[in-house]
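Visitor: Before we discuss any detail, could you put the sequence and the model on the screen?

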Amino acid sequence: MKIRKHVQRISRTALTFILATGMSGTVITTALAAEGGMGADAIPLPIELSPFKQRIPENAANVEAGRALYERSCIWCHGVNGEGKGPVAYFLSRDTAPHPRDFTSGIYKFRSTLSGEMPTDEDLFRTITRGIPGFMPGFRGYSTEDRWRLVYYIKSLSPDFKDAEPELIKVVGTPIPPTAASVQRGYQVYQKFKCWECHGGGGAGNGKKAGTLKDDWGFRLPPRDLRRPSSFKNGNAPADLYRTIMAGLDGGAMPSYSDFFEGSEQEVWDLINYINSLAAE
Amino acid sequence: MRITRLTRRYCPTALLALFTMIIAWTSVIPEAGAVPAFARKFNVSCNVCHTRPPRLNPFGQRFQENGYQIPGTSDGSVSRKRLLGGELGGATLDAISNYMAVRLRADIQQASFRDATITEASDDIEIILPNIVNIFFAGTASDDLSFFFEAEYASQGEGAVAFERAFLVFDNLGGHQVANIKVGRFDPAAMYSFPTHRQQINPVGPKAETAAFPPPIDRIPLLPLAFSAKMFGLSRGQRLADSAAPTDPDLLSEGFAILPFEPLFYNAPVSNGISVHGRPFGTNFLYQVGIVQAQTAENESRTTFDRYLMLRYDWLGEYSDFSISGFIYNADKAAMPTLNPAGTLIYATDAVDWQRYGIAARWTSKWWDIYGTIIWDEIDQPVFAMAPASLSTWDTDAMGISIEADYLLNAKWLIGVRYDSMDAGGLSLLPPALQGSDPAINQDASFIAVIAKYYPRPSIGLYARYHQNLESSVKLPTNVFGGVEHPARNLKSMITVGVDMAF
């Protein structure tokens with residue numbers, strides 16, 4: 001196949017022009033910016049909701065700005081319409097859960113609210129910031145304002161957020177020292193609620209029900225290996241575990257235990273100490 | 001390091017047994033031991049960026065385009081980094097494990113030839129452990145300042161495909177994805193819809209001698225033939241011959257001969273130069289322009305540069321992504337038509353210009369990954385000063401096609417098939433007084449390859465692959481290419497089992 005040579009050649013002048021315009025007016029900064037917003041390791045949410053002083057108004061302009069950010073960063077997994085049908089979805093996880101969140105469904109795993117409730121804005125903000133170990137990188141590279149814009153756009157994808165007033169889980173007490181007595185009490189709780197049926201006796205995620213669990217979309221859902229806290233999708237700090245246990249993971253196999261612990265919430269902190277004692281990392 | 005040549009007999013049972021043992025071994029490797037640098041840094045699975053390693057999925061492509069920063073962000077100084085210097089600032093650093101990674105490939109190869117080659121007896125089994133080892137240092141030094149350094153050890157010997165990259169990228173100049181400038185030694189086609197690197201069916205290097213002309217080719221490389229030079233009868237000219245005796249074929253330097261099967265130009269594994277890419281008009285449209293140091297131009301003492309332009313359009317759908325790319329690459333005075341009729345090299349009166357054009361497309365849908373490219377090459381008509389060389393026949397056009405389809409059977413198994421075809425150009429017929437009844441020299445080549453790949457862990461791929469030459473045998477006289485079979489025909493088939501792992 002022949003194409004005329006004058007069409008084939010790339011103009012040196014054009015290249016020079018493109019290089020010059022690309023570089024003009026741009027300063028390559030080597031000074032390094034400190035992270036805006038939340039720190040990497042110590043996030044108090046949702047035990048006490050942070051005021052997030054930099055929170056911006058939720059309005060149409062910020063929703064639209066959030067859409068632009070979504071199309072840069074989130075569309076690959078969550079899809080054009082936010083239904084979790086991005087081109088990466090099945091390569092990320094062919095047959096097993098989790099698949100990317102369907103933002104139109106109104107079902108969210110990572111909440112500080114009661115099971116069946118919508119998440120708080122701060123819940124969404126936290127997930128965007130921290131990511132999900134194994135599956136979603138954290139977006140700390142976005143400014144705090146931009147992360148709020150993403151939150152607002154995501155909320156706009158589901159009518160369930162409109163006028164939602166989610167009820168927060170009840171938080172009683174604070175993390176307690178992991179004494180032998182506390183761990184022992186936690187072990188009793190682990191047995192009482194049959195956590196081993198899914199997570200296994202040693203917490204390896206190999207309980208007798210492990211092979212049968214599926215999420216609401218029919219994907220196989222292996223229970224978490226409790227020996228590997230770094231893989232906990234909802235975080236591994238005591239506050240994170242409290243939230244996971246009490247709120248459950250809607251859409252998945254992990255139920256909410258808030259009703260079971262009604263009046264004995266202190267036991268949750270013992271259970272958390274027991275879970276942490278299983279860590280092999 | 002090649003350990004040994006096991007046996008001259010083909011033994012599929014032994015290969016199968018060994019492959020099974022490797023699978024069993026890797027199945028008990030702790031998962032934490034197999035996470036490459038970027039996955040470690042961002043605490044995600046390899047499959048966030050890969051369809052299956054080493055192929056990038058659309059998210060991984062954008063991560064690469066953005067200078068190893070999360071798409072849409074400029075998080076080069078933030079994500080998973082420590083601030084040194086406290087309030088004084090000054091530097092943020094990754095832990096070394098967040099930017100250092102090692103990739104190791106090892107093969108057991110069984111090639112089958114029509115005729116014995118010059119230096120290799122046919123039908124040997126070779127264990128090549130390791131085949132290729134790459135050590136990467138890649139990441140971000142700051143916001144929008146990225147680096148990539150790759151040191152490679154390749155054991156495939158002379159003529160092996162050597163991938164060694166080292167470059168800086170200044171990202172997001174003039175605004176998000178307006179311009180990203182890459183400077184250094186890089187692979188130009190990294191953003192093409194069918195990139196040169198990252199093949200599920202890894203390249204198998206050639207066994208050839210480039211310090212001779214015509215180049216003896218024991219075994220052609222097994223790689224996407226569309227990337228190949230495709231032109232026969234070309235050299236890098238007198239500058240790579242001994243200056244005192246530029247016509248003596250015994251005094252040639254390594255790399256003198258241009259192998260018709262080596263990847264070149266835009267599709268070269270590595271080039272030195274500057275590239276600019278970006279998406280200033282939204283997320284769908286990508287441009288890339290570049291200038292790179294000429295890879296083949298000779299006969300000129302000054303350094304010359306090749307130029308290229310690539311445009312790409314991306315479309316996203318439900319569970320799918322489609323991209324189409326087109327490029328043009330122009331190389332002035334790129335190669336010297338050369339003949340060796342009787343032990344003396346004869347050069348054309350001038351080096352020829354070389355143009356390359358290509359289009360590529362890729363479609364991913366759920367667990368399918370299908371991609372292909374057509375690449376055309378065109379050189380000027382060679383001119384020789386006098387007979388008999390002036391009576392030689394040259395084909396100035398060539399074309400190559402490579403198409404691959406990969407299918408994810410389940411989370412751990414991938415199968416793939418690739419078809420390669422090369423419509424060769426360059427020297428077609430020697431002058432009548434020299435050719436006798438020889439068939440055309442620039443014989444076409446085509447292969448089909450199939451692969452089954454098993455990932456016991458996301459970053460460990462165990463594979464078995466088979467290449468079949470689709471062309472029938474064409475005899476050529478001895479001394480034209482050093483053997484009694486044309487190199488495009490001599491390799492009948494190859495079966496390979498191996499491992500491609502990163503950690």
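This is a predicted model: local features need pLDDT of at least 70, side-chain atom pairs count only at pLDDT 80 or more; totals for chains, interfaces and linings use all residues.

Visitor: Which residue of β24(B) does Tyr419(B) stand opposite?

Guide: In β24(B), the residue opposite Tyr419(B) is Ile448(B).

Visitor: Are α3(A) and α7(A) roughly parallel or roughly perpendicular to each other?

Guide: The axes of helix α3 (residues 60-73) of chain A and helix α7 (residues 144-156) of chain A come within 7 Å and cross at roughly 95 degrees. The contact involves residues including Leu69(A) and Tyr70(A) of α3(A), with Leu150(A) and Tyr153(A) among those of α7(A), and by class it has seven nonpolar, three polar and three charged residues. Angles of 65 to 115 degrees count as roughly perpendicular, and the two helices are therefore roughly perpendicular.

Visitor: How many residues does the contact take from domain 2 of chain A?

Guide: Chain A is divided into domain 1 (60-161) and domain 2 (180-277), and the centres of these domains, taken over C-alpha atoms, are separated by 24 Å. From domain 1 of chain A the contact takes 19 residues, which divide into eight nonpolar, seven polar and four charged. From domain 2 of chain A the number is 22 residues.

Note on methods:
Residues are numbered from 1 along each chain as its sequence is written. Chains are lettered from A and ligands numbered from 1 in the order in which they are written. Two strands pair if DSSP finds at least two bridges between them. Helices (H or I, at least four residues) and strands (E, at least two) are DSSP runs, numbered from the N terminus. Axes are lines fitted to C-alpha atoms, for helices over the stretch in contact, and angles run from 0 to 180 degrees between N-to-C directions. Angles under 35 degrees count as roughly parallel, over 145 as roughly antiparallel, 65 to 115 as roughly perpendicular and the rest as oblique. Two residues are in contact if their C-beta atoms, placed from the backbone, lie within 7 Å. Ala, Val, Leu, Ile, Met, Phe, Trp, Tyr, Cys and Pro count as nonpolar, Asp, Glu, Lys and Arg as charged, and the others, Gly among them, as polar. Domain bounds come from an automatic or database domain assignment.
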